[in-house]
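Good morning, colleagues. Please take a moment to look at the sequence and the model, which I shall then describe strand by strand.

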Amino acid sequence: MNQQSTTLSRHLTSDGIVVWTRCACGRLRMDLVPNGGGRPLTAGPCPRCHADAPDAASPGA
Ligand SMILES: [Zn+2]
């Protein structure tokens, strides 16, 4: 299994849904999904683990 992030909690706010996620490396990340749709705002993305598509050209990096 690859590293995976874990959803800690979800909060409904007047702006949208705030989702707290814990990265596989333990780092906290916050996502805000706007009520009206549109692109979610992400705070504190992990530069190491956040990549959805792993770079096949860097084994063991
Ligand atoms: Zn991470």
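Let me begin with a definition: two strands pair if DSSP finds at least two bridges between them. Strands here are DSSP runs of E with at least two residues, while helices are runs of H or I with at least four residues, and both are numbered from the N terminus.

Two remarks on provenance. This is a predicted model, in which local features need pLDDT of at least 70 and side-chain atom pairs count only at pLDDT 80 or more, whereas totals for chains, interfaces and linings use all residues. Residues are numbered from 1 along each chain as its sequence is written.

The chain contains four strands and zero helices, giving the pattern β-β-β-β along the sequence.

Consider now the pairing. Strand β1, residues 6–12, runs antiparallel to strand β2, residues 16–22, and six bridges join them. Within this pair, Thr7 has Thr21 of β2 as its bridge partner. Three residues lie between β1 and β2, which form a hairpin.

Strand β2 also pairs with strand β3, residues 28–34, in the antiparallel sense, over seven bridges. Here Val19 has Asp31 of β3 as its bridge partner. β2 and β3 form a hairpin too, with five residues between them. In that turn, Gly26 has a positive phi of about 100°.

How much of the chain is buried? Counting a residue as buried if 20 or more other C-beta atoms, placed from the backbone, lie within 10 Å of its own, the share is 2% of the 61 residues.

Technical notes:
A residue is buried if 20 or more other C-beta atoms lie within 10 Å of its own, exposed if 12 or fewer, and partly exposed in between; C-beta atoms are placed from the backbone.
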